[in-house]
Amino acid sequence: MAEKKQKVIPDEYIPEVRSRVATIDNQDYLLQNDAMFTFYERSMGELSPFFLAIKDEKRILGCRCPKCGIVRVPPMVTHCPDCDFAATELLEVEQVGKMNTTPPITYFATSMFMDKAPFGRGRVILTGADTALSVMLYTTTGILVPGLIRKGTEVKVIFRDQRVGQISDIYCVPTNELTPAQITKKGLQETELNWEAPKEPEFPKPSNEDVTVYRQSLGEMQALAVEMSRSKRARKAIEGWKRDIAVKTKGGEFAMYIDDGDFKIEEKKLKSPDFIMACEDPRTLLDGLMYKGAITDSVIMKKLWISKNLEFNTIFKLDRLARFLAREKKEQAVE
Ligand SMILES: [Zn+2]
């Protein structure tokens, strides 16, 4: 894999050369984008062996006190505070462990972590360690939702392919999603995992009523999609975004197309969609598009499932699409 060169400040965070006028007390003031640079090199100090082992050897190190035997991971002390400051020694611990807390999930991350959300953040006690290591958590089964990883869940450390020597070089997934060989293997990398076989929810056979509800909801969603594509404001929500989404409901299946401002819904089964959305009741999605409750909430509440974790971003855009259209309609109604 070609190594991607990353900048300390990603390009998208660098503002354009631009100015604007702010009017305060009837006076115009010219404001201009400018910058101040302060780059620095940070030493990992005594934690260097820990980060180097992750980066170069795909190993997790801890430190052991020869007197009390406590193993701390990461090796945050060179001398044991409980044993008259006896010098600790580095040792390797296992890459499987148990969560010692139920991790909260971050769905709406700050811009720094947006490309990583949704993710869980929790503490794992690796086999051989006595203290908990703080890690990010993911699942290969689709979107990360509450309940997938809890206190006591066994997890495995996964190493990113591109490692720079930071704690974000590693994260954990539940071992019940892995093969026995993967669980045993040390230094398991993310490209060795199967991210393409998410666990799609299964729906019971539809009743006649389910099919009627599906037909009706589909019609309403299609009408909304036409309105959204015509609305200048709504188009902004999906500007520059392109996704073909297969939507599965109990009563039937359809396709949703997002294409740089255009939004279209067709009754069609997509062979290779960018991702799959599954919601038993199509009205969940209809309500979201009508701006009656957020679609992101439906995902978090497990009423709507998506096949790819990072496509939560697209769900977020669909919510904006609904909100922007609703706002435009409201303004027009006032005029
Ligand atoms: Zn000790």
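The model is a predicted one, in which local features need pLDDT of at least 70 and side-chain atom pairs count only at pLDDT 80 or more, while totals for chains, interfaces and linings use all residues. Residues are numbered from 1 along each chain as its sequence is written.

Let us begin with the whole protein. Its C-alpha trace spans about 75 × 65 × 35 Å along the principal axes. Seven helices and 18 strands make up the secondary structure; these are DSSP runs numbered from the N terminus, with helices (H or I) of at least four residues and strands (E) of at least two. Of the 335 residues, 28% count as buried, that is, with 20 or more other C-beta atoms within 10 Å of their own, the C-beta atoms being placed from the backbone. Among contacts between residues at least 6 apart in sequence, 60% join residues at least 24 apart; a contact here has C-beta atoms, placed from the backbone, within 7 Å.

Now look for an open sheet of three strands, in the order β4-β3-β7, with antiparallel pairing. Strands pair if DSSP finds at least two bridges between them. The edges are β4 (71-72) and β7 (89-93), each pairing on one side only. Helix α1 (residues 48-57) packs on this sheet and touches β3 and β7, its direction making about 150° with that of β3. Strand β3 (residues 60-64) joins β4 through two bridges in the antiparallel sense, and Cys 63 stands opposite Arg 72 in β4.

Another open sheet has five strands in the order β16-β15-β14-β17-β18, and its pairing is mixed. Five bridges link β15 (residues 253-259) with β16 in the antiparallel sense, and Tyr 257 stands opposite Lys 264 in β16.

Finally, find helices α3 (residues 208-230) and α5 (residues 282-289), whose axes come within 9 Å and cross at roughly 20°. The axes are lines fitted to C-alpha atoms over the stretch in contact, and angles run from 0 to 180 degrees between N-to-C directions. The crossing angle therefore makes α3 roughly parallel to α5, a term for angles under 35 degrees. On the α3 side the contact includes Val 213, Tyr 214 and Leu 218, and on the α5 side it includes Pro 282, Leu 285 and Leu 289.

Note on methods
Contact = placed C-beta atoms within 7 Å. Buried ≥ 20, exposed ≤ 12 C-beta atoms within 10 Å, placed from the backbone. Parallel < 35°, antiparallel > 145°, perpendicular 65-115°, else oblique.
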